[in-house]
Amino acid sequence: YDGGIRDFVRHLNTSKEALFDEVGWFSEQGDAEEVEIAFSWNTGYQTDGIHSFANGINTIEGGMHEQGFRTALTRTVNTYARAQGILKEKEENLQGEDIREGLTSIISVRVAEPQFEGQTKSKLGNVSVRSLVEKATNERLREWFEEHPRESKAMLVKAMNAAKARIAATNARQTIRRKSALDGAGLPGKLADCQSKDPSESEIYIVEGNSAGGSAKEARDPRIMAILPIRGKILNVERARPDRMYKNTEIISLIQALGAGFGEEEFDLDKCRYHKIILLADADVDGSHIRTLLLTFFFRQMRPLVDAGYVYIAQPPLYSTEIGKSKRYLKDDVAREAYVLEHPNAEFQRLKGLGEMDASELWETTMDPETRTLLQVTVDQAAIADETFAVLMGEDVDSRKKFIQTNADDVRFLDI
């Protein structure tokens, strides 16, 4: 980017509505380390817009530089809010998630001797970097706020609204927990749970539609496979705060079934009841939309599930053909074309609904661990994934149109 990390922030915010035009920037140099940070806020509700780099390497697991920035950001914003009289004496401090709502920030540090940790060696462990980033943020960000009062006020108003929504979400969450305690185990009534209590071998199929859910319940291996049918399309969380999510029946069912909470502050991967979360939807446009809505929810609200490789997409067949009295299922266009070479006169039926298969067919083609195909969902570049979800599921129609036009040639099957 010609304008460095400032332009990077502008690029990430292209598909979002900026809270203000200005992109903030500051830098600081230490003995053998230096840091530069660019930042801006948009009108969205995401709190995962911080992307960090060390010596040009994307530190997707974060580390000391992110920790230092988060700590100093929360402290500096609260101090400034009180100095401006926006946060009154008796009011509680804003929490980090309130301030980070809609924030897009790039943290770039250069370190003479970087210490990389974590499973993928993408977490920065240099403690001295945390101190440098905290010092820089405490001093330079406060100066930026004072020099940009209009932008700072807009950010604070947004953070205050986020705090109100967080409190409303907390109250809704407590209500749900009280109801769950009265109901018993706290699991959704439509969940057909598995017998195993070992998360490492347990799977949950999130199935579109009650009829398909019934077939899946009948087809499954009840020892290790749970089935959660969902009705219709869940809430698009790209455009909703947590308090609205707690009013959505399907999202509540998902949260209760997985048992690990949700949101950046509360989600606990170790409490997840299943280590395979499999999305099973029809192979048509509606099914694709439902999968995208679910993936948006997991990426934004249960991100550790994706990072840990727990999320999968089932691959039900797209076609069926009959050979005598038996039926043959074909996964996609490639499989169909290969089959045509061997059987030129074969006729194919395009399968549109999971409900068209009975339990034995669903097991054989889609659920049997010995023969099924699962697509594991991974995120190698968080910034790219963040941008893609914002384009596809956000409010900016022009960005979505441009994305579709640019990627139209890559579509393998268009269901009209």
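## Before we start

The model is predicted, so local features need pLDDT of at least 70 and side-chain atom pairs count only at pLDDT 80 or more, while totals for chains, interfaces and linings use all residues. Residues are numbered from 1 along each chain as its sequence is written, and side-chain values use heavy atoms, with hydrogens and water left out.

Helices (H or I, at least four residues) and strands (E, at least two) are DSSP runs, numbered from the N terminus. Two strands pair if DSSP finds at least two bridges between them.

Let us begin with strand E3, residues 50-54. Which residues point each way from E3? Ile50, Ser52 and Ala54 point one way, and His51 and Phe53 the other. In a regular strand, side chains alternate between the two faces of the sheet.

E3 runs parallel to strand E5 (residues 103-111), joined by five bridges, and there Phe53 stands opposite Ser108. E3 also runs antiparallel to strand E4 (residues 57-58), with two bridges, and here Phe53 stands opposite Asn58. E3 and E4 form a hairpin with two residues between them, and Asn55 in the turn has a positive phi of about 55°.

Strand E2 (residues 33-41) is mostly covered, with eight of its nine residues buried. E2 pairs with strand E1 (residues 24-29) in the antiparallel sense over six bridges, and Gln29 has Glu34 in E2 as its bridge partner. Three residues make the hairpin link from E1 to E2. E2 pairs with E5 as well, antiparallel over nine bridges, where Glu33 faces Val111.

## A five-stranded open sheet

Further along, five strands make an open, mixed sheet in the order E9-E8-E10-E11-E15. Strand E9 (225-230) and strand E15 (374-376) stand at the edges with a single partner strand each, so one side of each has no neighbour in the sheet.

E15 pairs with strand E11 (residues 311-314) in the antiparallel sense over three bridges, and Ile313 stands opposite Leu375 in E15. Helix H9 (residues 285-301) lies across strand E8 (203-208), E9, strand E10 (276-280) and E11, at about 150° to E10. Helix H12 (residues 359-367) packs on the sheet too, touching E8, E9, E10 and E11 (contact means heavy atoms within 4.5 Å). The direction of H12 makes about 105° with that of E9.

## The nonpolar cores

A nonpolar core is a set of buried Ala, Val, Leu, Ile, Met, Phe, Trp, Tyr and Cys residues joined through side-chain atoms within 4.5 Å. How many residues does the largest one have? The largest core has 42 residues, and Ile204, Ile277, Leu294, Phe297, Phe298, Met302 and Leu305 have the most contacts inside it. H9 gives the most to this core, with seven residues.

Not counting residues up to four places away in sequence, Ile277 touches several residues, including Ile204, Phe298 and Leu305. Another core lies apart, with 33 residues, among them Trp41, Leu132, Leu141 and Leu156.

Note on methods:
Axes fitted to C-alpha atoms, helices over the stretch in contact; angles between N-to-C directions. Buried < 20%, exposed > 50% of the residue type's maximum accessible area, 1.4 Å probe, protein only.
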